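Please keep the sequence and the model in view while going through the points.

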Amino acid sequence: MQILQTPIFFSFSKPLNPSSPKPSSFNPPNPRSFPFFFKTHFPKLPFTPKSFSSDEFPVDETFLENFGPKDKETEDEARRRNWIERGWAPWEEILTPEADFARKSLNEGEEVPLQTPEAIEAFKMLKPSYRLKKMKEMGISEDEWYRKQFEIKGDIPDPLETLWTGPLALRLVPPRDWPPRGWEVDREELEFIREAHKLEAVRVDLEKVEKEVITGEADMELDRYKVFLKQYKEWVDANKDRLEEESYKYDQDYYPGRRKRGKDYKEEMLELPFYYPGQICEGKVTTLHLYQGAFVDIGGEHEGWVPIKGNDWYWIRHHIKVGMHVIVEILAKRDPYRFRFPIEMRFVHPNIDHLIFNRFDFPPIFHRDEDANPDELRRDCGRPPLPRKDPGTKPEVEPLLSNHPYVDKLWQIHVAEQMILDDLEANPEKYKGKKLSELTDDDDYDEENNVQYTKVRYKKGLLPKMIVKTSVKELDLEAALAEREHHNKLRREAKERGEKYKISQFRRNIEMDEYDYIHWRRSFEEREALIRDISCRQALVCHWKSQEDIKMRVFLGRINTILQILCTGMITGENPRTQKKANKNG
């Protein structure tokens, strides 16, 4: 028998089966009036709730057909199609009532009560019954109400009108960087072509030009441009196949801004050397990308790139549409194998420069596997180098170095020589009939493993011990033996005189001091050069400051002189200019 143990009110969960009847309200009786309630069975519910786990929930085939994933197009393609066809941007998505209330009550909350009518209305819309009430008042269904939210797009600005301060000059001038690197052309023709650039420096009167305007067919006298077109066609015929092969090598998939190939390529398309910065072109907008910008077809194998990103599209989207004809100006032409978009442009008509705030710091580039040096990569791409962290040390203040790295090796050689000489004095029979210069190593000497680390017992503990093996070939035993015999002779002479002999320095000690001095001298010269460099830089900066101070003092002195002359003229009533001339003459 199951007995109810907790006399509290129950609220039954909503069943997942919508066809089941709703549960009736159930309140347990008062325990004071009916004490027998706690000894009876729990009343049987009038229904049987059904519950399913997430894996067992019944899903029919129509549900999967309507709401299942569709692999016909990628997510980016669907987002771009939805954005272009329906005319709304990602920031205009339909917000839930909670998100709408959070956006409209940013500066209001528990401490500050709701004040604006928009925030109060958004707070009321959080209640489902209030939303149904508003739908009934409008006489529309819930689906129609959500569909109507898409029609609310905010304020749509007026079309842009580009104002011209003067006529837009369109010229047919050969590029200044012609010919491409590695391509040889006739030198005389090249000099004839570059004379067109000299003519650009000639000043013209616009009024005379407007009077001499010729309409209709006329001889434009484009001899230099025609010679350039002849050389350009020769270059295209010789390099067209190579450019297409390189395109497939560097770009596995085509995307806007890259070179067109295959069926997208046409014979009349212009190659990259045809364009130059400052050229005015007419084109057609082909692609709009939220994070990259707009791409314009200007008749070349590369589409021009107009950098636009982020929330700048909020107002620009009303003025730039896919398929519209625009006038653009080429700002830069870059290496197509290093930069993602070789041709950078801006819109001339319609002019939207005043609506672009989020500029690209640098044009996007490709990172290749062979780019091992990041500083060299940034230099090639025109980007400033990354600043190195300050180590925090000042070498001009630190003490000079006097520990040469070869000194430790010399000390090991000195110790090995003295140990062999001690063994020679203790066991002369062992070395009888042998020369010290003819001694050889007992075992095969391994220079890489000449140091062994072990432990030795001392009293009741173990101490670390390092054993250094030295080859006999590195020792100068003959010189060490001569040095020891010399010291023994001096020791005997001092003993006969009744004095105590003490060795001040060995031969190896003098050699080690010489190496240390060389190292100290080198560090001293390096520090002197560093201090000299720092002093020159500081003196140069101080010189600049002094020059600025001199200019400022001269400027202030002139102003003071002018003020004195003006004040004198106001007091005496004379003309300051006349008085100044009189002062000069007098």
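Is Arg 346 buried, partly exposed or exposed? The points below begin with this residue; please note that the model is predicted.

1. Arg 346 and its partner. Arg 346 has a relative accessibility of 25% and therefore counts as partly exposed. Its salt-bridge partner is Asp 353, and the closest N and O atoms of the pair are 2.9 Å apart. Asp 353 is likewise partly exposed, since its relative accessible area is 25%.

2. A network of charges. Some salt bridges share partners, and in this way Glu 417, Arg 507, Arg 508 and Glu 511 are joined into one network. The count of salt bridges comes to 24, taking a side-chain nitrogen of Lys or Arg within 4 Å of a carboxyl oxygen of Asp or Glu as the rule.

3. Lys 240 with Glu 267. A salt bridge links these two residues, with 3.1 Å between the closest N and O atoms. Lys 240 belongs to helix H9, whereas Glu 267 is in the loop between H9 and E1, so the pair ties together parts that are 27 residues apart in sequence. Lys 240 is partly exposed, at a relative accessible area of 21%, while Glu 267 is exposed, at 60%.

4. Lys 260 with Asp 297. In this salt bridge the closest N and O atoms are 3.9 Å apart. Because Lys 260 lies in the loop between H9 and E1 and Asp 297 in strand E2, the pair ties together parts that are 37 residues apart in sequence. Why does Lys 260 count as buried? Its relative accessibility is 9%, and buried means under 20%. Asp 297, at 27%, counts as partly exposed.

5. In soluble globular proteins, nonpolar side chains tend to be buried together. In this model, the largest nonpolar core has 35 residues, and those with the most contacts inside it are Val 296, Ile 298, Ile 308, Ile 316, Val 328, Met 345 and Phe 347. Among the elements that give two or more residues to this core are helix H7 (187-199), helix H9 (223-250), strand E1 (280-289) and strand E5 (343-349). Helix H9 supplies the largest share, seven residues.

6. A contact across the sequence. Pro 157 is placed in the loop between helix H6 (142-149) and H7. Although 158 residues separate Pro 157 from Trp 315 in sequence, their C-alpha atoms are 7.7 Å apart in space. Pro 157 counts as partly exposed, at 26% relative accessibility.

7. Cis peptide bonds. The bond from Trp 178 to Pro 179 is cis, with omega near 5°, and Pro 179 is in the loop between H6 and H7. A cis peptide bond also joins His 349 and Pro 350, where omega is about 0°. Pro 350 is in the loop between E5 and helix H11 (374-380).

8. A positive phi angle. Lys 459 is a residue other than glycine, yet its phi is positive, near 60°. This lysine is found in the loop between E6 and strand E7 (461-468). Lys 459 is exposed, with a relative accessible area of 70%.

9. A negative surface patch. Which residues form this patch? They are Asp 443, Asp 444, Asp 446, Glu 447 and Glu 448. Asp 444 is situated in the loop between helix H12 (407-426) and strand E6 (451-458). Its relative accessible area is 81%, so Asp 444 is exposed.

How values were computed
Residues numbered from 1 in each chain as written. Predicted model: local features only at pLDDT ≥ 70, side-chain atom pairs only at ≥ 80, totals over all residues. Heavy atoms only, no water. Patch = residues over 30% accessible without salt bridge, like charges linked within 9 Å, V, L, I, M, F, W, Y side chains within 5 Å. Areas by Shrake-Rupley, 256 points an atom, 1.4 Å probe, with all protein chains shown as cover. Lys, Arg positive; Asp, Glu negative; His and termini not counted. Charge placed at Lys NZ, Arg CZ, Asp CG, Glu CD. Helix = DSSP H or I, 4+ residues; strand = E, 2+ residues; numbered from the N terminus. Buried < 20%, exposed > 50% of the residue type's maximum accessible area, 1.4 Å probe, protein only. Core = buried A, V, L, I, M, F, W, Y, C linked by side-chain atoms within 4.5 Å.
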